[in-house]
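Visitor: I am new to reading structures. Could you walk me through one?

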Amino acid sequence: MNEQRKDTPEQTPEVPQSAMPDLMKDRRRISEGETFRFGCHKGLKCFTDCCGDINILLTPIDVLRLARRLEMTTSDFLAKHTQMPVTKDLHLPVVMLKLGPEPGRRCDFVTEDGCGVYEDRPWSCRMYPLGMAIPPAQAGKETEMAHFLFEDDFCKGHGEGQEWTLDTWKADQGLENQEEIETGFHEIVSHPWFIGGQRQLDPKRMEMFYTACYDLDAFHRFVFKSSFIKSFELDEELVEQMKTDDEALLRFAFRWLRFALFAEPTMTMTDSAVKRATGATIERES
Ligand code: SF4
Ligand code: SF4
């Protein structure tokens, strides 16, 4: 382990420990180019021990892929397989995989042979034993993702198998092809609007975030069964694509959230929608 630590590039931007979520504090930081040895396979004493009694945060693409795999709507998937922790520290709704009952609190998808939804397993299951933290947004600074190694005693995969870097691990776990869409989500979660931690989204905007990010089927109805499409200047080809392409709709959802939550100029309203909005404002004021 000490030898691996020697490989740490000196130019790695330092994220102060105080800025890290508690879960990541005092864990070993894995920087680009640094290596760790890890191997997970059936036959290890701990096989699937990590699939219970654990908090698994779901990203929007996790919810979407799992729902599609199970042939469920995103609304039904969210109701059956997820829960939302309620803590006053959260500035945005977070969705977690609902686990089975005590004792064990096993994941609904675990089987004797391993993960029963392997090809569509959540981002954090792919990342393990690595974790990632997004430090709070700071004025004038680009948010630097920080990666950490979980070295849990129960996990016997450390020191097994081959050596990995961040990049080779992500490639092996199929994380690279979802990185761009995950980045779109992280850019909202760590948006400069939240700098200082004083601003809170109101309940209506929280609901908008939840629907657009996680309940894509409800967002689809909102976009295509209301006056939404007529309210914005949108490329016709994109509109057609979003009708059937979930990932295109999710990318669009992130774009719309930046407009609707943070007033970024990512969308342009049509003249008639501007007039309607202005008229409504004037009516409210008179
Ligand atoms: S989704 Fe798969 S890998 Fe993740 S906890 Fe459940 S069974 Fe384990
Ligand atoms: S080696 Fe670690 S990740 Fe693999 S099954 Fe065991 S506890 Fe889980």
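Visitor: Which residues are around ligand 2?

Guide: A residue counts as near a molecule if its C-beta atom, placed from the backbone, lies within 6 Å of it. Around ligand 2 these are C40, L44, C46, F47, T48, D49, C50, Y128, F154, C155, K156 and G157. This is a predicted model: local features need pLDDT of at least 70, side-chain atom pairs count only at pLDDT 80 or more, and totals for chains, interfaces and linings use all residues. Residues are numbered from 1 along each chain as its sequence is written, while chains are lettered from A and ligands numbered from 1 in the order in which they are written.

Visitor: How many residues of each class does that shell have?

Guide: Ala, Val, Leu, Ile, Met, Phe, Trp, Tyr, Cys and Pro count as nonpolar, Asp, Glu, Lys and Arg as charged, and the others, Gly among them, as polar. The shell around ligand 2 has eight nonpolar, two polar and two charged residues.

Visitor: How do I read a sheet?

Guide: Strands of a sheet pair through backbone hydrogen bonds, either parallel or antiparallel. Strands are DSSP runs (E, at least two residues), numbered from the N terminus. Two of them pair if DSSP finds at least two bridges between them. Here, three strands form an open sheet, in the order β1-β9-β8, with antiparallel pairing. At the edges are β1 (28-29) and β8 (130-133), each pairing on one side only.

Visitor: How many bridges join β1 to β9?

Guide: Two bridges join β1 to β9 (residues 146-149), and the strands run antiparallel.

Visitor: Which residue in β9 is the bridge partner of R29?

Guide: F148 is the partner of R29.

Notes: Helices (H or I, at least four residues) and strands (E, at least two) are DSSP runs, numbered from the N terminus.
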